[in-house]
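Colleague: I am new to this structure and would like a close look at a single part, the surroundings of one ligand. Please take me through them.

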Amino acid sequence: MARILTGIQSTGTPHLGNILGAIMPAIKISNNNMNDSFLFIADLHSLTQIKNPEKLRVNTLSTAATWLAFGIDTNKSVFYKQSDVPQATELAWYLSCFFPFSRLELAHSFKDKSNRLDDINGGLFSYPMLMAADILLYDANIVPVGKDQLQHIEMTRNVASRFHAKMGETFIMPEARVEESTKLIPGTDGEKMSKSKNNVIDIFLDDKALKKQIMSIKTDSTPMESPKDWSRCNCFALYEILASDDQVNLMKINYSNGNYGYGHAKQALYELVMTKFSKQRELYSYYMSNPDEIDKILAIGAEKATTIANNVLSRVKSKLGY
Ligand code: ADP
Ligand code: TRP
């Protein structure tokens, strides 16, 4: 039996990279009867970027609706939002006191922006400690994440070891789990798909807007008639992740034969997205129109999460003499 835990920030509607890289793999392992799981919306982490209550609320709903649309089993998994269990912020404080400032400075989440220090808030700097608390607070064994989060999991293990060295064994040592095939989903510009880069595919957009996004995928200027190198094409890379083996083989032939333009390839990708995710698109809009249902589900999750969180927090506090 392993305890699976992962979170996703509510900084916008989850995009195809979030879905394939984090949400689907997490749901898959949490549906295994050998595991129990904690899946949450990291809405406290979102506050490092978003200061608008309306926006935070909508993002929380759309992140929850995505998990629900992709089939999270809320009877089996504890599904909650981070801000409903503030015990994590208390644990984050304790952990911070065991972790060197100089190592926090090395976190990519901070370092990538350290040339704009005036724009960085303290929350962004201590972000990895809140993430460590999210994980250690629930005795998680396995944390499914995309590749970009590996450093944060390393920091979590590191702070747990430092705490143990001074206070004795207290935490379960978590391990990251990266799904190899979906560890880095490219965006429409070929770079890592990311909410902050304006290169996302949002599968929940209406048909026309989704098509426009897919048509904006960057391709080279090889003429329609000429054969094309599928191995260097960004549209193909996305198609390959979503399509069946037969569909992929056929697409390779289309590219190699020529007389098949990038417009055709993009149209094929658009149709694939529409058919593959038709059920999820329907469920997503159902939940977005029924926010009360989402609130009820998250409230049940918060209650279950709080029980575990209080247990682990008392263990930590007794070690610290509080
Ligand atoms: P973003 O970069 O869009 O802000 P987040 O940092 O909120 O995404 O990531 C949420 C989860 O989705 C993380 O586990 C992250 O590793 C995963 N993820 C994000 N972008 C991608 C991507 N392009 N490919 C694979 N996984 C991704
Ligand atoms: N930092 C993660 C991200 O940007 C979100 C997150 C917060 C998380 N706490 C977590 C992921 C705990 C896994 C475990 O994607």
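Modeller: The shell around ligand 1 divides into six nonpolar, nine polar and four charged residues; here Ala, Val, Leu, Ile, Met, Phe, Trp, Tyr, Cys and Pro count as nonpolar, Asp, Glu, Lys and Arg as charged, and the others, Gly among them, as polar. This is a predicted model, in which local features need pLDDT of at least 70 and side-chain atom pairs count only at pLDDT 80 or more, while totals for chains, interfaces and linings use all residues. Residues are numbered from 1 along each chain as its sequence is written, ligands are numbered from 1 in the order in which they are written, and side-chain values use heavy atoms, with hydrogens and water left out.

Ligand 1 is surrounded by 19 residues (a heavy atom within 4 Å), and the closest are H15, G146, D148, I185 and K195. Helix 1 (16–30) and strand 1 each supply at least two residues of this shell. Helix 1 gives the largest share, four residues; helices are DSSP runs of H or I with at least four residues, and strands are runs of E with at least two, numbered from the N terminus.

Next come the polar contacts, pairs of N or O atoms within 3.5 Å. A polar backbone atom of I185 is 2.8 Å from a nitrogen atom of ligand 1. Another nitrogen contact, at 3.0 Å, involves a backbone N or O atom of M193. The side chain of K192 has an N or O atom 3.1 Å from an oxygen atom of ligand 1. Taken alone, ligand 1 exposes 540 Å², of which the protein buries 92% (Shrake-Rupley method, 1.4 Å probe).

Methods:
Polar contact = N/O pair within 3.5 Å; in protein donor to acceptor, adjacent residues only side chain to side chain.
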